[in-house]
Amino acid sequence: MAAMFQRILYGGDYNPNQWPKEIWSEDMRIFKEAHINSATINVFSWAKIQPSEHEYYFDELDEMIEMLSEENYDIVLATSTAAMPAWMYKRYPEVGHVDYEGRRHKFGARHNNCPSSEIFRKYAARLAGKLAERYGDNPHVTCWHVNNEYGNYCYCDQCEAAFRVWVKDKYQTIEAVNKAWNMEFWGHTLYDFDEIVVPNALSEGISVLNVLTGETAHKTAFAGISLDYCRFMSDSRLETFKLEKAAIRAFDQTTPITTNLMGTYKGLDYFKWAKELDIVSWDNYPSYDTPWSKVAMTHDLMRGVKDQQPFMLMEQTPSQQNWQAYNSLKKPGQMRAQSYQTIAHGADTIQFFQLRRSIGACEKFHGAVIEHVGTENTRVFRETAELGEELSRLTEIIDARSVSEVGLLFDWDNYWALEYTSGPSVDLTYVNQIHQYYRYFYEQNISVDLLGVEADFSSYKVLVAPVLYMVKEGMAEALEAFVKQGGILITGFMSGIVDQSDNVHLGGYPGPLRELCGIWAEEIDALASEQKNGVRFTDGTTGTARLLCDILHLEGAECLASYTTNFYADTPAVTRNQFGEGYVYYVGTELEPKLLAKVLAGATAQAQVSPIIAEATQLEITRRQKDGVNYYFIMNFTEEAQPLPAYFVGKTDFLKGKTLAAHDLPQYTTYLVKE
């Protein structure tokens, strides 16, 4: 497959329509100094482009596109459909979405539409088509950007009616619906499809307060219907994207089409969405205390949702956010290091929100390449320009790939189901569990691919499947085939519990994985946040466990570690089972990091998994490969200076052209070595 872009796109969201014309030429001058070569425009311009139902105004957008084309920019042209114009609300109030509490929203904010609204769908697709008809043959339009950060569920009457149709298409009969959703419970039997109601706070919703965080989680009395509503809402939003995509394709058959995803955002099944995107793009906004391993994991997820293909970084801030609790500045070198981490994990673009800081409204304090001072005489601009110059020389890395021996499963059905389940612990969250395992591989500089449950596992030596709570049809067989052929599977507590409708697999936990794992989990103990259990490995290593403790019985597996406290002391906590030519490690509790590392080190050693370099280091070492060339990214995200591994001493930093001698790298130092 050919690369999507001819150069690394470097730029971001640009809104000249918010500024007088004399500012535009000044922007072009300043951006040129930063080697900016792309601009994402027209993201929130629906109100200006279509001031009334039958009137369209393109003059200003024409000027913007003409200016950027003359400056040889790659234009990422958005369709503007993420915020509806006021006239549409006034004439068709049903376009507004209804929230979880049952309140219909008035005009305001953004992401404000009902996805089932035929009015919204008609006008959004029409606008996308008109834009493509007008600009689709412009060679500077490099990518189409549909809508923006899709999100927000809707619980209106239109969605309720559409959900009933979706359910009927899936189950065919009301009897099948009752069985799937277990509606005999609490006497909720349905007699007809028109008795199905949306599962929100007015119906099946249950609110659970976490006393430690003060946050309220949305739970449900009937997970089957709530899970299907998540699937339906993800599909409904995707349908609106596909309508705009089809409208563009009527006039432009070749330019890539995308929309910006949001990493581990819970609301949409990005594996399904990625099938409809020509290239994945996403917005990366870690907070001041987000672990760098989690940032790396999310990049790998965005690469993984589309078969490990390179992705676009559509947004990051050059300095600080404005919408988090604590909006810290990026320290000198941090933005550059973060950008190279993004490229190291698969990005072929670096784009910012925003290029010029807004004068008002809620994002006026969101960072930008040009700050409110209006000049290039800022620390942020100097760092932006340094990065831009370097990226202008990195065209050869476009479409380079990551190669991994470890696959880590991530599944939105499991994400939804695990966090809907009532019990066993309010502290059990999906992404946190996935990250605990990913973090080990990150710290060992072992490359990991994030995989969907329908992926081909055959090229991996190790598969990691934490909290594989929902085992859908065909999943157990796929895992058995992988292990039989010599693969190593790592799974554990809260795995193999339910089917696709959240009904329990009978016959003992972990259900269809029981023979594969060689254990039976008789009970699951939940530990409060202040409680811990002791664990001892057979070699004498001891430590602690928390959150959940499976009470296990061996059914062919061997015990690697046992509990040391509580009434189930001396029963297995960690096991290993041979199955065919391979092995299954089962981790029955949340181990403290050093103990989890011990298990994962043993599994990867058994599988002969190799780190990117053999030397132990606290630096992040990441590699992309292309045409027989290895590109090693060397980054220090720790607070202390770290020694350069001997492997790289004497090699050349491709970014600055200097030979690397043995020395300590201060925080955020970044090198790129080409072999």
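Q: Into how many nonpolar, polar and charged residues does the lining of the largest cavity divide?
A: This is a predicted model, in which local features need pLDDT of at least 70 and side-chain atom pairs count only at pLDDT 80 or more, while totals for chains, interfaces and linings use all residues. Residues are numbered from 1 along each chain as its sequence is written, and side-chain values use heavy atoms, with hydrogens and water left out. A cavity is a set of points, on a 1 Å grid over the protein atoms alone, where a 1.4 Å probe fits but cannot get out, and lining residues have an atom within 4 Å of a point. With Ala, Val, Leu, Ile, Met, Phe, Trp, Tyr, Cys and Pro counted as nonpolar, Asp, Glu, Lys and Arg as charged, and the others, Gly among them, as polar, the lining comprises six nonpolar, five polar and four charged residues.

Q: Which element gives the most residues to the lining of the largest cavity?
A: The largest cavity is lined by 15 residues, and H345, Y438, I446, S447 and T622 lie nearest its centre. Among the elements that give two or more residues to this lining are helix 10 (292-304) and helix 14 (430-443), where helices (H or I, at least four residues) and strands (E, at least two) are DSSP runs numbered from the N terminus. The most, four residues, comes from strand 23.

Q: Is T604 buried or exposed?
A: T604 is found in helix 17 (residues 593-606), and beyond four places in sequence it touches Y440, F441 and V609, contact meaning heavy atoms within 4.5 Å. Buried means under 20% relative accessible area, exposed over 50%, and partly exposed in between, with a 1.4 Å probe and protein chains only. Because its relative accessibility is 5%, T604 counts as buried.

Note on methods: On a 1 Å grid over the protein atoms alone, a cavity is a set of points where a 1.4 Å probe fits but cannot get out, and a pocket is an open set with protein on both sides within 12 Å along at least five of seven lines; lining residues have an atom within 4 Å of a point.
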